[in-house]
Amino acid sequence: KLIWRENRLPIAMAKILVVCAFLVMATCVAAQSSCAFLSPEGVFYDLAGLRSSKDYVYTDSFHQTYYLNFCGPTKQTCGEGSSFMVQVDATKACWNVGTLESLVFHDLDSREPSAGVSITGKGDRCYDTPRTVTLNVACNMSVEAELVSVEETSHCHYTAAFVSKHACPIDPGNCTYTASDGSRYNLAGMTSAGPTDYVVSDATAAFDVNICGAVHPHCSA
């Protein structure tokens, strides 16, 4: 919350400070939403709920173990790479399968825009080609989060299946803004649920402000 109670601030300066503070916070919100995706059809996804303090782990029948995380690098590291998926074999040799810098969002199913998202990426070299991954994250409101499978579906290409309620589209309401460069800002996390709002005041007046919601104090005659 932002609360200014310095009586020395003129009202005009107070307004400027409020605007500047909210712009700074909005920038932070946008930076933390690197896992948000707006589909070409206008469907909005935010996978922030899948960010985990522990990696999602899957081990296949060949004793290859895969470590996955969202909105940042895996906790399981491999060399100096920063990846959203890492592969470790039975001998503890490891490879970056999908680096964060190569991550790209897509529709999971262009015929059904609300089905979920697909994430692709590239990783370490595999003979004469880079490793590649397709991570299919399907919407399922009955599942919190589950890494269902990882397969090497073709030479050095891996396909992973993930299901979660956090992969379902959300309605951002009136709390989003799309900039001219395509950046998506979601300010919903700044809404004050009460009982107090963001407040700025000087000796003559006070301003109560809320984001994406009504203020809580009631005016009295």
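Colleague: Which residues count as contacts of Asp89 once its neighbours within four places in sequence are left aside?

Modeller: They are His63, Gln64 and Trp95, where contact means heavy atoms within 4.5 Å. This is a predicted model, in which local features need pLDDT of at least 70 and side-chain atom pairs count only at pLDDT 80 or more, while totals for chains, interfaces and linings use all residues. Residues are numbered from 1 along each chain as its sequence is written, and side-chain values use heavy atoms, with hydrogens and water left out.

Colleague: Why is Asp89 said to have no salt bridge?

Modeller: A salt bridge requires a side-chain nitrogen of Lys or Arg within 4 Å of a carboxyl oxygen of Asp or Glu. The nearest side chain of opposite charge, Lys92, is 8.0 Å away, so Asp89 has none.

Colleague: What makes the pair of Asp89 and Thr91 a polar contact?

Modeller: Their side chains are 2.7 Å apart. The limit for a pair of N or O atoms is 3.5 Å, and within protein one must be able to donate a hydrogen and the other to accept it; residues adjacent in sequence count only if both atoms are side-chain atoms. The pair therefore qualifies.

Colleague: How do you know that S9 and S10 pair?

Modeller: Pairing needs at least two bridges found by DSSP. Nine bridges join S9 (residues 116-126) to S10 (residues 129-139), so these antiparallel strands pair. Thr120 stands opposite Thr134 in S10.

Technical notes:
Helices (H or I, at least four residues) and strands (E, at least two) are DSSP runs, numbered from the N terminus. Buried means under 20% relative accessible area, exposed over 50%, partly exposed in between (1.4 Å probe, protein chains only). Lys and Arg count as positive and Asp and Glu as negative; His and the chain ends are not counted.
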